Amino acid sequence: FTRAKGISPHAFLLDCRLRQAKSMIDMGEPLAMASAAAGFVDQSHLTRHFVRAYGFTPGHYQAIRAA
């Protein structure tokens, strides 16, 4: 898997979950709903990985998208 995709299976799954959560935030879903639907244990779990991947919190992203 790593040779074919260039990343580990866990990193690939995490990226898929982050993209799903980001898409749901774009559609106006509450952060808690987006994190649960994307497969994160809780909102803080989403926030931790979201910040690592994108450099800002999901709440900040949601505020930018709403503006």
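Me: How many residues does helix α2 have, and what is its reach from first C-alpha to last?
Reply: Happy to start there, keeping in mind that this is a predicted model. Helix α2 runs over residues 9-26. At 1.5 Å a residue, a reach of 26 Å is expected, and the reach in the model is close to that. So the answer from the model is 18 residues and 26 Å.

Me: Which residues of α2 are buried, and what arc around the axis do they cover?
Reply: The buried residues of α2 are Leu14, Leu18, Ala21, Met24 and Ile25. They sit on the same side of α2, because around its axis they cover an arc of only 125°.

Me: Why would residues three or four places apart point the same way in a helix?
Reply: It comes down to the geometry of the turn. Residues with that spacing point the same way because an α-helix has, for each turn, 3.6 residues.

Me: Which helices are included in what covers the buried residues of α2?
Reply: The buried residues in question are Leu14, Leu18, Ala21, Met24 and Ile25. Their cover includes three stretches, 31-37, 43-54 and 58-66, and these are α3, α4 and α5.

Me: Which elements give two or more residues to the largest nonpolar core, and which gives the most?
Reply: The largest nonpolar core has 12 residues in all: Leu14, Leu18, Ala21, Met24, Ile25, Leu31, Ala34, Ala38, Phe40, Leu46, Phe50 and Tyr61. Two or more of these come from each of α2, α3 and α4. With 5 residues, the element that gives the most to this core is α2.

Me: Where does histidine 49 lie, is it buried or exposed, and which residues does it touch?
Reply: Histidine 49 is part of helix α4. Its relative accessible area is 13%, and because the cut-off is under 20%, histidine 49 counts as buried. Leaving out residues up to four places away in sequence, histidine 49 touches Leu14, Leu18 and Phe40.

Me: And which residues does leucine 14 touch?
Reply: Leucine 14 is one of the buried residues of α2. With residues up to four places away in sequence not counted, leucine 14 touches Phe40 and His49.

Me: How many residues apart in sequence are the parts tied together by arginine 65 and aspartate 26?
Reply: These two form a salt bridge, with the closest N and O atoms 2.9 Å apart. Both are partly exposed, arginine 65 at 48% relative accessibility and aspartate 26 at 35%. Arginine 65 belongs to helix α5 and aspartate 26 to helix α2, so the parts that the pair ties together are apart in sequence by 39 residues.

Me: How many salt bridges does the count come to?
Reply: One joins aspartate 15 and arginine 19, and another joins arginine 65 and aspartate 26. The count comes to 2.

Me: What kind of pair do the rings of phenylalanine 50 and phenylalanine 56 make?
Reply: Phenylalanine 50 is buried at 0% relative accessibility, while phenylalanine 56 is partly exposed at 28%. Their ring centres are 6.1 Å apart and their planes are at 65°. Planes over 60 degrees apart fall in one class, so the pair is edge-to-face.

Me: Which residues do ring pairs link into a cluster?
Reply: A search of the whole structure finds 5 aromatic pairs. Ring pairs link four side chains into a cluster, namely Phe50, Tyr54, Phe56 and Tyr61.

Me: Where is glycine 39 found, and how far apart in space are glycine 39 and aspartate 15?
Reply: Glycine 39 is found in the loop between α3 and α4. It is partly exposed, with a relative accessible area of 35%. In sequence, glycine 39 and aspartate 15 are 24 residues apart, and in space their C-alpha atoms are apart by 11 Å.

Me: Which residue with a positive phi follows α2?
Reply: Its phi is near 95°. The residue is a glycine, at position 28.

Me: How many helices and strands does the protein have, and what pattern does it follow?
Reply: The protein has 5 helices and 0 strands. Read along the sequence, the pattern is α-α-α-α-α.

Definitions and conventions: Residues numbered from 1 in each chain as written. Predicted model: local features only at pLDDT ≥ 70, side-chain atom pairs only at ≥ 80, totals over all residues. Heavy atoms only, no water. Helix = DSSP H or I, 4+ residues; strand = E, 2+ residues; numbered from the N terminus. Expected span 1.5 Å × (residues − 1). Buried < 20%, exposed > 50% of the residue type's maximum accessible area, 1.4 Å probe, protein only. Arc of directions from axis to C-beta. Contact = heavy atoms within 4.5 Å. Core = buried A, V, L, I, M, F, W, Y, C linked by side-chain atoms within 4.5 Å. Salt bridge = Lys/Arg side-chain N within 4 Å of Asp/Glu carboxyl O. Phe/Tyr/Trp six-rings, centres within 6.5 Å; stacked < 30°, edge-to-face > 60°.
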